[in-house]
Every structure is written in structure tokens, then in C-alpha cells.
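Morning, everyone. Please have the structure open on your screens, and I will walk you through it.

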Amino acid sequence: MNLGERLSNRARSIEFSGIRKVYELAAKLKDPIDLSIGQPDHAVPHAVALAAMRAIESGQNRYTLTAGMPELRRKTQLAVNAELGWDANVMITSGVSGGLMVALLALLDPGDEIIFPDPYFVSYRQLVRMVNGVPVAVPSYPDFGFPAAAVEAAITPKTRAIMINSPGNPTGTVMSDADIRRAAEIAEKHDLALISDEIYCDLSLDGPSTSPARYAPQHTIVLRGFGKTYSVTGWRLGYLAASGSFVDEITKLQQYTYVCAPSMSQVAMLTALDVDVTDICAEYKRKRDLVCESLAGTFEFVRPGGGFYVFPRVPATFDCGAAFCNAAVERNVLIIPGNVFSDRDTHFRISFATTDAKLREGCKRLCELARRGPG
Ligand SMILES: Cc1ncc(COP(=O)(O)O)c(C=O)c1O
């Protein structure tokens, strides 16, 4: 028997990420200029690494409570409530991905719809399918703000939630306060849950980003992560914050799936929360400026305000994002076509989480390619 042919309809409906194809290409290239990587390139703050090692050595290797170590929950809860003027409970999750999965399991019955702006983080569509929900992607081109009118028009009796991501992946856009407020108003007006993926909130490059929890505290579920901020994506740690009994209710979903977030990561995060990330943020801001300067005049793009991505438009002489990205591969540069994150294929994603030398050379080659065209 070939078990690969015995898949459930659910498993069959899930598509491999287009990013995987780029990784496969990367493996074939010799020393590529890789601008495709969606994870930080800065060093793990020493105190944080030390705290994780000490946690292992001192025997903190067992299951923690399902919702997380009480001390870490308390610390995170105090911080998020103080920041957002909120009265939320917190569950420590296995990365933001774990939080997303548990939140979607909790909110959607089969056939229920969830609306999110397009472009979107690559997992959203597939995670919604995994819980047998219906993803409804609403275009936010060309400025990648919150498309309030289109979101409201997409609401049906089956809609259960809206999902937003600011600062965003792949666009780097930080939604304005007015946009966040509109998202919150729509959620309240239609009594929908509002999932706010804020994984890049510590990497807001031009001042703090806003959360809808400020405006719709009872409808919002905030998801945040530690992986991008402290360069520990492999440690699988994040948290979910929501008011009322939501956290208590969904703890059972975490109990029977991820059980708990990794114990040593939780211990280390107690230290991480006291680490000043101003310098890390300033470094990404500098790289953002470098990339924007290098691309300006050749590419059309919205200047990103957070995270480490830029999402420029493909030059008009190329058919689509995939065509441009394939041509870039021939120049040993790896970027991701827009259709990995979108129903359209008109853009491409650059990650600036790499060295200045690679950024300079990569942008130079992309600009040359744009000027020359496909031929
Ligand atoms: C917008 C967004 N949400 C969630 C995730 C997943 O984060 P984690 O590694 O904490 O599961 C990512 C990772 O790239 C992301 O960019």
C-alpha cells in the first residue's frame, strides 16, 4: 500500500508552499544571492541564548502547563495589557503558527468563512482549509492598506472572522491607525472575531504599529511571536491574547495538539522580554533604507514600515512575478513571486534580512534585469 495515495480530502486540498520551490532552486545554485529568506539574520542576543542553555542544564525540560509557564504568562499579559490598555488573558503558543491553528480551530466550523486582505501570509489560506473553513481573500492592492469597503462587501451569514497582519508579510506595510480602527469597527458592527497577526510588531521601523485590541478589545485575538524579534524562529514560541473566557476555552485545543510550547524557550523568553531590541530594529531600518534607495527609480513599490520585506511590482516587460523570478534565478538571485502570497502574480518579495553586500549586489542585478527586460 502506498500511504501517499490514501490521503484525506483535507490533506489533498492543501498545497505545498511556493516558497519551497524557491528553496529547491536555491539548492541547485552555487552561492546564490538569496533574498528569499523569511527569517532574521541577526545574532540571538547573548543573554537569551545563555538563558536557554541554562534552562536545559538546570532540568527545565519537562512539559509545562498547557497554557504556558505561569511566570511567562503573567509577564506577557502585564506587558500586552499595559501597552494596549486591555484586559486580556494570555496563552503561550508554539510559535504564531501554533496560535493561528488553535484560533482557527476554535472559531471556524466546516464551511465557515474568514476574510483577509490579499496579499496574505503564505499559511493563511492553507490553515483555513485544514480546519475545513473557507478562505476569502480580498485585494488590498495597490497600497496594501485595509480594504474596508471590500471586506465589508465580502461578509456573508457564514463569515465568522476577519484576519489582518500588520506589519505585514509579504508587503512590509504597517496599517495606519485609521485602517486598524476601521477593521475594529467592522468586526464590532458585524460581531466577528478579529485575528490580528502582529508577529512583526517589535520590528516596526518608523514608530510603533497599532493593534485593533485598542478599539475592539472584546472581538480581537492578538497573535505575537518571539522568533522574528530575537532571531529564534526554531524555538517555536509566541503568544495569543484575548479577553473573556476565550483563552480558558481554547487551552484544551492546545492540550491535545501541541501540548505546550517548548519549555527551554519559555524560560529563555523571561530573559528576552527584558532585552532592548532598539538596535536590532535600527539595523533593519538601515537595511530597509538601503534597499529602497537601490530600487527607487527602477521599481514601483510601497515603502515598507515594518518587518524585513519589500514587495515591488514586476516590471511591465515581464508577463508575471514567476517570469521575473525565473529570470532573476538565471542571474543567481533568489526572490519569491507574488503569487505565493496572492491571487495575483504582479509583484515579487525581497527579504532584506541578509548582509549589506548581498543586498547591494542583489538589487543591482534586479535593476539591470528590469532595465534589460526578458529577452
Ligand atoms: C505574518 C506571519 N505570521 C506568522 C508567521 C509564523 O511564525 P512562527 O514562526 O512564529 O510560527 C510568520 C513567519 O514567517 C509570518 O511572517
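Pro142 sits in the loop between β4 and α7 (148-154). Helices here are DSSP runs of H or I with at least four residues, strands are runs of E with at least two, and both are numbered from the N terminus. The peptide bond from Tyr141 to Pro142 is cis, with omega near 0°.

Before going on, the ground rules. This is a predicted model: local features need pLDDT of at least 70, side-chain atom pairs count only at pLDDT 80 or more, and totals for chains, interfaces and linings use all residues. Residue numbers start from 1 along each chain, as its sequence is written.

Another cis bond joins Asp118 and Pro119, with omega about 10°. Pro119 lies in the loop between β3 and α6 (123-130). One more backbone point: phi of Asp191 is near 55°, a positive value in a residue other than glycine. Look for Asp191 in the loop between α8 (177-189) and β6 (193-197).

Now the sheets. Seven strands form an open sheet with mixed pairing, in the order β2-β8-β7-β6-β5-β3-β4. Strands pair if DSSP finds at least two bridges between them. Which strands stand at the edges? They are β2 (89-93) and β4 (134-139); each has a single partner strand, so one side of each is left without a neighbour in the sheet. On average, neighbouring strands of this sheet are turned by 20° against each other, direction ignored. Axes are lines fitted to C-alpha atoms, for helices over the stretch in contact, and angles run from 0 to 180 degrees between N-to-C directions.

Helix α4 (residues 70-84) packs on the sheet, touching β2, β7 (220-225) and β8 (238-242). Its direction makes about 125° with that of β2. Contact means C-beta atoms, placed from the backbone, within 7 Å. Inside the sheet, β3 (residues 113-118) and β5 (residues 159-165) run parallel, joined by three bridges. Glu113 stands opposite Thr159 in β5.

There is also an open sheet of three strands, β9-β12-β11, with antiparallel pairing. β9 (309-310) and β11 (336-337) are its edge strands. Two bridges join β11 to β12 (residues 348-351), and Ile336 stands opposite Arg349 in β12.

Helix packing next. The axes of α5 and α10 (residues 246-255) come within 10 Å and cross at roughly 120°. Val102, Leu105 and Ala106 of α5 meet Ile250, Leu253 and Gln254 of α10. By class, that contact has five nonpolar residues, one polar and no charged. Ala, Val, Leu, Ile, Met, Phe, Trp, Tyr, Cys and Pro count as nonpolar; Asp, Glu, Lys and Arg as charged; the others, Gly among them, as polar.

Last, the domains. Domain 1 covers 3-44 + 277-372, and domain 2 covers 62-272. The bounds come from an automatic or database domain assignment. Their centres, taken over C-alpha atoms, are 24 Å apart. The contact takes 33 residues from domain 1 and 32 residues from domain 2.

Notes: Two residues are in contact if their C-beta atoms, placed from the backbone, lie within 7 Å.
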